[in-house]
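Please open the model in a viewer and follow the stops below in order.

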Amino acid sequence: MSKLSDLVALCQGHTVYIQTHNFPDPDAIASVFGLQKLLELYGVESVLCYDGRIDKLSASKMLDAFQIQMLPYECLVSDMQETDRIICVDTQKHAGNVTDFVGDEVACIDHHPTFVPIEYKYQDVRITGACATLIAEYYALSGKTPDSDVATALLYGLKMDTLQFTRGVTELDIRMFEFLFPLCDQEKLAGLERNNMEFADLKAYGAAIESIELYDKTGFSCIPFPCPDALIAILSDFILALIEVEVAVVFSFREDGVKLSVRSEDPAVHAGDLLHEALKDIGNGGGHASMGGGFISKDRLPELGHYPKDFIRNLFLNTMAKGTPETPA
């Protein structure tokens, strides 16, 4: 494992930005917040940044609860220099869900599989249930105790990305839960976990239910109107909860293109590999064995033909029928 001291040395004396993926969720926010506060203990100041939108209620609640300042790229691009140092957290350069900023991506801390290998001066990419787990381990191994806010944020990110410890959990996730739990603010954690659905979300749930199609054990739902990334992911979990469904594919048609989310409980279907293979010629995608996301940009939409919903469905069915390079048919 890479040493935290190496990352600190890499950052000292430089302008440092900590960048997450374009639509930060609780795990991403917790991870960059935790890393920022840890680097401060070593005298390294940093700016948290992203491109895209904060479009999930749970993410907005986190920013308010912990007074976290994350700046959109449009507010920074005029000041950023090519020599500024960027740490990619909960994402990887060229992952498809992250904008290539002006600065130099010298470091990467992520828990997702790598689809586009990149050389970093510092790299810590390990498969865990949550990226927050890796940041929590930095505290544990360095002997630094996270304050109550950091511990609570990391624990919340860990719980959210593992779907309350039911998805992609590793032994390290459990150990870091044990480390963080005595340090967190239970009342603040409970407040974050309550009331995370907005009234407008019900329309998307209705569309997902109305449009569901079942092909063997694979369920497809199309949301014919713009839907935030985070809600699409929640809807794919919702569809996967059906006893008849082992693989859920949910997609939303938006102004910028088509956003997709896949969930899999079938050991023969790796969600990230399925997305990567199915979309390789028309978009991009990837993720873990049990969960992943993808995107088809608006300039590629004409290639979907007159029946884009059917095109996407058949794209995934055909890919599963032949098997991905990593998964036998």
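**Surface and overall form**

The protein exposes about 14,600 Å², of which carbon and sulfur atoms supply 53% (Shrake-Rupley method, 1.4 Å probe). This is a predicted model, in which local features need pLDDT of at least 70 and side-chain atom pairs count only at pLDDT 80 or more, while totals for chains, interfaces and linings use all residues. Residues are numbered from 1 along each chain as its sequence is written, and side-chain values use heavy atoms, leaving out hydrogens and water.

Display the C-alpha trace: along its principal axes it spans about 55 × 45 × 40 Å. Of the 329 residues, 52% count as buried (under 20% relative accessible area, 1.4 Å probe, protein chains only).

**The open sheet**

Select the six strands that form an open sheet with parallel pairing, in the order 3-2-1-4-5-6. Strands here are DSSP runs of E, at least two residues long, and helices are runs of H or I, at least four, both numbered from the N terminus; two strands pair if DSSP finds at least two bridges between them. Strand 3 (70–72) and strand 6 (122–125) stand at the edges with a single partner strand each, so one side of each has no neighbour in the sheet. From one strand to the next the twist averages 30° (axes are lines fitted to C-alpha atoms, for helices over the stretch in contact, with angles from 0 to 180 degrees between N-to-C directions).

Next, select strand 2 (residues 47–50), which three bridges join to strand 3 in parallel. Here Cys49 stands opposite Leu71 in strand 3.

Technical notes: Buried < 20%, exposed > 50% of the residue type's maximum accessible area, 1.4 Å probe, protein only.
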